[in-house]
Amino acid sequence: MICAQRVFRCFRALERLGDRITGAAGPYFVALAIILTSTGTVCFFDVIAPGLNYRLVTLPICILIALNLHMHYYYVCTVRPGFVEEPPKLQGHGLLWAKRRAKRRGGDGGVLTAPVRVNGARVTVAEIMKCRKCGQQRPERAHHCRICNRCVLKYDHHCPVRINQCVGLHNERHFVLFLVYLAISTLCYSVLGWPFLLESLGVTYSLEWPYHVPEVAFAMIYILAVVLCIAVGIMGGYHIWEVANGETSVEAQDHEVYRNRAKERSESTIPNSVNDRKRKNLELFFNIGDGGYPWYTLILPLRVMPYTDGHSWARRDGYDRHAGVRVGDELTDEEEG
Ligand SMILES: [Zn+2]
Ligand SMILES: [Zn+2]
């Protein structure tokens, strides 16, 4: 038993060391990501874009995709995820903020005291719990981040490699859109860049390489684009599936554990009290639809507010909290890692 505890403690120490190293290396990863995405964009518009068919239509689409990619990356790195102790954020003004269709009652901004309907979903006040690590009172769905050492609203995960901060309530939309646009851009690069790759490698006959970027840079970015397209495509697809289920990455893991425990006890369980309609969950996540923002906010690189301030959540009809999870079953931040 003592031995098991020692091993456990050793693993914890190693994990913390890993956190510290990746935390310290974060800014370098971000710099590398900026260099690579910018180089990729330059390669695309220098080599591939001039040869596109129907350029009057295809070129603006490519520019829009590139703009979305870079702006959502900028937002996901700079928009804070929303820490529990911070005052509620308000809709900003200026060119980069999307205009909302109509003012919605409750749900966003202001403290909600009674259930309201937001875009057809019932939204009720979140349960308040105490964080075991920092002792702070926090609303349901907030979690403690080990690296930031603070409680984050609707915590999804801490991303040291690409964005060097937490993904939470206020930047999760930009994170998912960044993944989507990265997958689209790398797919375009891989498919449309194939003939140019052959040319850069000297496979097809050509007298010279008439572009500004060197052949080797184009070929290296091409290989990276293919790898990223597969990896980000899978990751983005997985995230969208979680969003459609109304779960964050942490919750998806927790709910799996709850479901298995219930199965062992031969009980039926509905561990997720969050709204169960997939399309509605997607609309709420991107905050489009009734009372939210127009659909075109998905294709323009604009900032929008989430549908909630993190202190109330859209629920499955008839449920105000998770069902089927017994007292003592709930996972804590310690176990969730
Ligand atoms: Zn905490
Ligand atoms: Zn964090």
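Where does UniProt place the feature "transmembrane region"? And which elements do the buried residues of helix α6 pack against?

A: A word on the source before anything else: this is a predicted model. Start with the record. UniProt, in an unreviewed entry, places the feature "transmembrane region" at residues 21–48, 54–76, 175–197 and 217–241.

Take two of those spans and look at the chain itself. Residues 54–76 are 96% helix and 0% strand. The end C-alpha atoms of residues 54–76 are 33 Å apart. Residues 175–197 are 100% helix and 0% strand. Here the end C-alpha atoms lie 30 Å apart.

Now go to α6, which covers residues 278–286. Its buried residues are Asn281, Glu283, Leu284 and Phe286. They pack against two helices, α3 (172–200) and α4 (215–244). They also pack against two strands, β2 (121–125) and β9 (312–315).

Take the helix partners next. The axes of α3 and α4 come within 7 Å. They cross at roughly 150°. The cut-off for roughly antiparallel is an angle over 145 degrees, so α3 and α4 are roughly antiparallel to each other. The crossing of α3 past α4 is left-handed.

Then the strand partners. β2 and β9 belong to an open sheet of three strands. The order is β1-β2-β9, and the pairing is antiparallel. The edge strands are β1 (116–118) and β9, each pairing on one side only. From one strand to the next, the twist averages 40°.

Strands of a sheet pair through backbone hydrogen bonds. Look at how β2 and β9 line up. They run antiparallel, joined by four bridges. Valine 125 stands opposite serine 312 in β9. Threonine 124 has tryptophan 313 of β9 as its bridge partner. Follow these two pairs and you can trace the antiparallel run of β2 and β9.

Finish with the faces of β9. In a regular strand, side chains alternate between the two faces of the sheet. In β9, Ser312 and Ala314 are on one side. Trp313 and Arg315 are on the other. All four are buried, so both faces of β9 are covered.

The buried residues of α6 pack against α3, α4, β2 and β9. Of these, α3 and α4 are the roughly antiparallel helices, while β2 and β9 are the strands joined by four bridges.

Methods:
Residues numbered from 1 in each chain as written. Chains lettered and ligands numbered in written order. Predicted model: local features only at pLDDT ≥ 70, side-chain atom pairs only at ≥ 80, totals over all residues. UniProt positions renumbered as here; feature names shortened; annotations may be inferred. Buried ≥ 20, exposed ≤ 12 C-beta atoms within 10 Å, placed from the backbone. Contact = placed C-beta atoms within 7 Å. Pairing = 2+ DSSP bridges. Axes fitted to C-alpha atoms, helices over the stretch in contact; angles between N-to-C directions. Parallel < 35°, antiparallel > 145°, perpendicular 65-115°, else oblique. Left-handed = near helix turned anticlockwise from the far one by under 90°.
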